Every structure is written in C-alpha cells, then in structure tokens.
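Subject: Handover of a structure

Dear colleague,

I am passing this structure on to you, and below it you will find an account of what came out of it. Please look through the sequence and the model first, and then read the notes beside them.

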Amino acid sequence: MKTKAEFLRIMAVQAEMALATSVDNVPNVRIVNFYFSPDSNILYFATYKGNDKVKEIAANERIAFSTIPHGGNEHVKAKGIAAKSRRTIFDLAEKFVEKIPDYQNTIDAAGKSLVLYEIKFDTAVVTLDLEHIRTIKL
C-alpha cells in the first residue's frame with residue numbers, strides 16, 4: 001500500500017467528515033464538508049458563526065475527525081488542533097465547489113455568515129479495508 005498516495009486520494013474524493021469536539025469531557029460529533037490542501041497539509045471546513053462548534057472549539061481546540069466513505073471502508077482519521085483561519089470561505093470557494101459542486105449554493109446564500117477553520121495534524125490513520133490500515137506521518 002502506498003500510504004501517502006492513498007491518503008491524498010481519499011482526502012481528495014471524500015467530501016464529508018465526522019468532526020468530534022469535547023468540552024468538559026462531554027463529546028460532540030457532527031458531519032461537515034471539508035477541503036484538504038495537499039500543499040500545506042491543512043484541512044479546512046466552514047461553519048456558521050456563533051454555533052456550538054465555534055463555542056466548543058474556542059473552549060477546547062483539540063479535535064478528532066474521520067472522513068466518511070460512501071462505499072466500502074476507505075477512510076482517514078486523525079487528531080489535531082482546530083483554529084479560525086485568517087482566510088475566508090470566499091478565498092477557498094473554488095476548491096470547495098470543485099470538490100462539492102452544490103457548495104456554491106451555500107456560499108451564495110450564507111457566505112458572509114460562515115467562518116473558516118483550519119485543522120492541523122501530524123499523523124493520520126489510512127484505512128483501505130480491514131487488511132490495509134497504516135499510519136502516515138505528514
């Protein structure tokens with residue numbers, strides 16, 4: 001298994017992830033769309049300003065995520081640090097829409113109400129199937 005190549009492929013084709021936060025030892029998981037930049041090794045997601053995710057990340061920046069396969073078992077999971085990005089959803093609109101064409105509707109309707117987050121992580125577990133599971137260091 002060429003772990004780096006499989007990691008990049010999965011991150012390019014899967015558009016949703018389960019994002020886990022935790023505050024006061026109370027976990028919370030939700031599904032969000034994402035874009036991964038292979039040039040900077042940063043994962044981006046947008047959310048509405050002031051919602052629970054924003055409050056939870058402000059209280060505890062440590063997160064975990066798993067991409068969501070829509071066939072088979074291929075996925076990437078990792079733990080990292082989430083922080084508000086200096087960039088906006090408009091800066092990465094082309095990348096999000098390239099990956100998720102319907103996302104343009106979200107940007108058009110609510111772009112000014114969205115805040116962009118970055119997730120930085122050093123390692124990830126890449127799973128192709130039950131026999132092919134490897135950890136990659138970025």
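Read along the sequence, the chain runs in the order α-β-β-β-β-α-β-β-α-α-β-β-β, where helices (H or I, at least four residues) and strands (E, at least two) are DSSP runs numbered from the N terminus. The radius of gyration, taken over C-alpha atoms, is 15 Å, close to the 14 Å that the globule rule gives for 138 residues, so the chain is as compact as a globular protein of that length; the rule itself is 2.2 Å times the number of residues to the power 0.38.

Before the details, a word on the basis of these values: this is a predicted model, in which local features need pLDDT of at least 70 and side-chain atom pairs count only at pLDDT 80 or more, while totals for chains, interfaces and linings use all residues. Residues are numbered from 1 along each chain as its sequence is written, and side-chain values use heavy atoms, with hydrogens and water left out.

The chain has 4 helices and 9 strands, and its C-alpha trace spans about 45 × 35 × 25 Å along the principal axes. Buried residues make up 41% of the 138 residues, with buried meaning under 20% relative accessible area, exposed over 50%, and partly exposed in between (1.4 Å probe, protein chains only). Of the contacts (heavy atoms within 4.5 Å) with a separation of 6 or more, 64% are between residues 24 or more positions apart.

In helix H1 (residues 3–13), Thr3, Phe7, Ile10 and Met11 are buried. They cover an arc of only 95° around the axis, which puts them on the same side of H1, the arc being that of the directions from the helix axis to the C-beta atoms. Ala12 and Val13, on the other side of H1, are exposed.

In H4 (103–110), the buried residues are Tyr103, Ile107 and Ala110. Their arc around the axis is only 105°, which places them on the same side of H4. These buried residues pack against strand E2 (26–33), strand E4 (42–48), helix H3 (93–99) and E7, whereas the face turned away from the buried side carries the exposed residues Asn105, Asp108 and Ala109.

Serine 113 lies in the loop between H4 and strand E7 (114–120), and at 38% relative accessibility it counts as partly exposed. Leaving aside residues up to four places away in sequence, serine 113 touches Thr47, Tyr48 and Lys49.

Phenylalanine 36 sits in strand E3 (residues 35–37) and, at 5% relative accessibility, counts as buried. Not counting residues up to four places away in sequence, phenylalanine 36 touches a set of residues that includes Phe7 and Met11, both of which are buried in H1, as well as Phe121.

Aspartate 24 counts as exposed at 72% relative accessibility, and asparagine 25 counts as exposed at 76%.

With kind regards
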